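Q: Could you walk me through reading a few features of a protein model, one at a time?

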Amino acid sequence: DMVRSTFLKYNFQVRIGAMDGVIIAFHNTRSVLGYQYVPLSVIDYFLYGGSEVADMMFSVGVQSLDKILTDVVTEFHDYESLIVTFNAGDHLHDIDIYVESVPADRSQRLRDIAEWHKLKDDEETYEKLQLMAATPHWTEVDGMSEEVLTDELTKNGLDVDGVEKDRKARLEGKIMQTLDGLVPPKAYYEDLEEEGYLKRYAFRMASYHNGRLVHDPLKLTCKKDNICSYIQVDPHKLAAAGAYHSHMAKKAEQDEHKLKVNRFTLGEGADSQHPPKVEYAEARRKKFGHKETGKGGTKKKREVAAAKENEQLGFMRNLANRYHRHHHHHHH
């Protein structure tokens with residue numbers, strides 16, 4: 001699981017920080033089961049089969065991002081905040097890039113579209129759009145004056161104290177929570193595209209060896225110096241609004257599904273950071289169907305928990321030994 005998720009992130013992180021590797025803690029929510037040091041070369045081996053291809057991938061990745069952002073920022077130099085969305089789709093060598101700038105009159109635009117929906121008796125969409133219009137966009141928080149920031153925090157029932165960075169983070173979090181799962185209608189994005197606030201780019205990347213296109217550079221046995229990567233960023237031939245809207249709607253749906261999956265929620269009105277002891281115990285009782293006594297439960301329960309932990313620790317030790325033996329054998 002780690003190879004498929006966090007290893008990719010660590011691979012970049014370790015290279016950017018010029019580090020030697022990472023220390024990983026294996027744990028559950030109750031205790032740490034063990035540690036393991038994983039050098040960069042091992043991460044490279046698992047991800048790419050070796051450090052040479054890993055170096056190449058890192059270099060091409062950084063250059064690609066640099067080119068994309070340079071090209072995009074040049075075209076949008078008048079705007080403060082840009083939202084850049086990458087969508088890989090099903091194509092191996094192409095990525096769709098959408099760049100959205102939030103217009104200063106965003107609220108008014110949303111209200112206008114809301115009125116249109118009201119005329120069509122679409123009360124649900126009307127109310128959603130009114131809520132979105134009344135809530136500032138998270139990209140606007142950074143440029144807020146102290147006064148406006150205090151007003152917004154008060155309006156949302158949030159704590160106004162603290163340093164500027166914390167105050168802004170608090171408001172941003174609240175905005176994201178309020179607008180969670182809400183996507184403006186296609187008409188809004190069509191307006192943006194028409195006026196240059198929304199653009200779509202096509203990013204293409206391909207590898208060449210001795211002047212010939214290579215579809216799978218990982219299968220090449222030559223030195224990486226003989227492989228050239230070709231990067232191209234162009235304005236997309238197709239319109240942005242429709243595709244961007246359906247991508248955002250799909251993403252909102254997926255995010256909502258993720259939140260729904262077996263989420264353990266506290267009682268209504270409970271502060272999730274510091275749940276009240278009684279409510280917490282009550283919620284756990286409902287969830288697990290047993291009474292908890294004292295800090296560690298009854299003596300019997302403590303023994304069961306200890307046995308289970310020993311079993312987990314034993315499993316982790318066996319796993320570590322197997323891995324060590326395999327690698328020891330592999331290197332000799």
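A: Gladly. Let's begin with a definition: a salt bridge is a side-chain nitrogen of Lys or Arg within 4 Å of a carboxyl oxygen of Asp or Glu. This is a predicted model, where local features need pLDDT of at least 70, side-chain atom pairs count only at pLDDT 80 or more, and totals for chains, interfaces and linings use all residues. Residues are numbered from 1 along each chain as its sequence is written, and side-chain values use heavy atoms, with hydrogens and water left out.

Q: How many salt bridges does the rule give?

A: Side chains of opposite charge can pair when their charged atoms come close. Here the count is 15 salt bridges. One of them joins R4 to D1, with the closest N and O atoms 2.9 Å apart. There is also a network of salt bridges linking R15, D44 and D55.

Q: Where do E152 and K155 lie?

A: Helices are DSSP runs of H or I with at least four residues, strands are runs of E with at least two, and both are numbered from the N terminus. E152 and K155 are both in helix 6, three residues apart, about one turn of the helix. Their salt bridge has its closest N and O atoms 3.3 Å apart.

Q: Is E152 buried or exposed?

A: Buried means under 20% relative accessible area, exposed over 50%, and partly exposed in between (1.4 Å probe, protein chains only). E152 has a relative accessible area of 13%, so it is buried. K155 counts as exposed because its relative accessibility is 58%.

Q: Which residues of helix 7 are buried?

A: In helix 7 (residues 164-178), the buried residues are R167, K168, L171 and I175. Seen down the helix axis, they fall within an arc of 95 degrees, so they line one face of helix 7; the arc is that of the directions from the helix axis to the C-beta atoms. They pack against helix 6 (146-155), where contact means heavy atoms within 4.5 Å. The face turned away from this buried side carries the exposed residues K165 and Q177.

Q: How many bridges join strand 1 to strand 2?

A: Two strands pair if DSSP finds at least two bridges between them. Strand 1 (residues 21-27) and strand 2 (residues 32-39) run antiparallel and are joined by seven bridges. A hairpin of four residues connects strand 1 to strand 2, and I24 stands opposite Q36 in strand 2.
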